[in-house]
Amino acid sequence: GWGCGSVVEHLLEDAQSSLADINVSLGIVLRLKNLELAAVGGSDVHVRMLAAPINPSDINMIQGNYGLLPKLPAVGGNEGVGQVEAVGCRVTRLKPGDWVIPANAGLGTWQTEAVFSEKALIQVPNDIPLQSAATLGVNPCTAYRMLVDFEKLKAGDSVIQNASNSGVGQAVIQIAAALGLRTINVVRDRPDIQKLMDRLKDLGAEHVITEEELRKPEAKNLFKNTPQPRLALNCVGGKSSTELLRHLAPGGTMVTYGGMAKQPVTAPVSLLIFKDLKLRGFWLSQWKKDHSPDEFQGLILTLCDLIHRGQLTAPACSEVPLQDYHRALEASMEPFVSSKQILTM
């Protein structure tokens, strides 16, 4: 298990902290620790964790600047997959050998094994790839809901997004393709940009352009053969989100689900008035509060069906043993790293 020191919210108060400062601070507040395994009660499930990713929301939670904060000390990790080892006498939905993922954020997945209540877990098929199962409960769910819930899109319509190489971005590309939607995918320029573009197009991206290219007048040529998008997905903020708004069709919606640039979303008044654009937000934890566990289970099964059909794969991943968590954390915060760090137990 992991202990997360209560000093985390004090160490990272300064929003100007450098990447090195943050890495040092994370190293101070995280440690690998052996914990006594709790006894399995009647409604409990003993789970052996198999794999758990490091997501931006995990880092935000440790830093103390997330919408959901656990009581400290806490076990890190909001996502992952485990295998049921034993169940209590009142457990009805699960049996040994089943694969399970967290029903909600804050479960604490960065550990080798644990005892959870049955209601804290959702069963997933154990015939999907391990990396797909480990990364199923957050990014693909967010991608699917944003594509379906905000605009009534039909096959042939287009969607524009930034941070397209992120975990959500890669899921958006694949799910959109499965729904017959066309995607315009914006990424930051980098030394190996052509390699990244090729990889995203292999996933089903129709257009991949850099932030700089989107700002040029020539960007309007994109829409000669592609309909103007009615939906924009923003997890960056700042200038990047403003550019998404400029390219939205009149009456379109921009959904913000992250703020990687740590800058406000800036919406020019003229776009709001003359194009009647809508600004919305999405947080999967809030969606779960507004919907039943059965609806979340249905969402998971819909995504698993796409996985079974070969239409949804896990993002590019690097597996790191749990004991090397420091190395995984550092890699997860490096710029231009498109590989999600997965802790293996």
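The legends below describe close-up views of a predicted model.

**View 1**
Six strands make up an open sheet, in the order S10-S9-S8-S11-S12-S14, with parallel pairing. Strand S10 (207-210) and strand S14 (278-281) are the edge strands, each pairing on one side only. From one strand to the next, the twist averages 20 degrees. Strands of a sheet pair through backbone hydrogen bonds, either parallel or antiparallel.

**View 1. Strands S11 and S12, with the helices on the sheet.**
Strand S11 (residues 231-234) and strand S12 (residues 253-256) run parallel and are joined by four bridges. Leu233 has Val255 of S12 opposite. Helix H5 (residues 139-149) lies across strand S8 (158-161), S11 and S12, and runs at about 150 degrees to S11. Helix H6 (residues 167-178) also packs on the sheet, where S8, S9 and S11 are touched by the helix. The direction of H6 makes about 165 degrees with that of S9.

Asn185 belongs to strand S9 (residues 182-187). Its relative accessibility is 0%, so Asn185 counts as buried. The side chain of Asn185 is joined to that of Gln161 by a polar contact of 2.8 Å. With neighbours within four places in sequence left aside, the residues in contact with Asn185 are Gln161, Ser164, Ile173, Ala205, Glu206, His207, Val208 and Ile209.

**View 2. The aromatic pair Tyr66 and Trp283.**
The structure holds two aromatic pairs, one of them formed by Tyr66 and Trp283. The ring centres of Tyr66 and Trp283 are 5.9 Å apart and the planes stand at 85 degrees, so this pair is edge-to-face. Tyr66 is in the loop between helix H3 (56-63) and strand S4 (81-87), whereas Trp283 is in the loop between S14 and helix H11 (284-290). The pair thus links distant parts of the chain, 217 residues apart. Tyr66 counts as partly exposed at 23% relative accessibility, and Trp283 is partly exposed with a relative accessible area of 29%.

**View 3. The aromatic pair Phe150 and Phe282.**
The rings of Phe150 and Phe282 are edge-to-face because their planes lie at 85 degrees, with centres 6.3 Å apart. Phe150 sits in the loop between H5 and S8, and Phe282 in the loop between S14 and H11, 132 residues apart. Both Phe150 and Phe282 are buried.

**View 4. Lys288 and the ring of Phe296.**
The charged end of Lys288 is placed over the ring of Phe296, at 4.3 Å from the ring centre.

Methods. Residues numbered from 1 in each chain as written. Predicted model: local features only at pLDDT ≥ 70, side-chain atom pairs only at ≥ 80, totals over all residues. Heavy atoms only, no water. Helix = DSSP H or I, 4+ residues; strand = E, 2+ residues; numbered from the N terminus. Buried < 20%, exposed > 50% of the residue type's maximum accessible area, 1.4 Å probe, protein only. Polar contact = N/O pair within 3.5 Å; in protein donor to acceptor, adjacent residues only side chain to side chain. Contact = heavy atoms within 4.5 Å. Pairing = 2+ DSSP bridges. Axes fitted to C-alpha atoms, helices over the stretch in contact; angles between N-to-C directions. Phe/Tyr/Trp six-rings, centres within 6.5 Å; stacked < 30°, edge-to-face > 60°. Lys NZ or Arg CZ within 6 Å of the ring centre and 35° of its normal.
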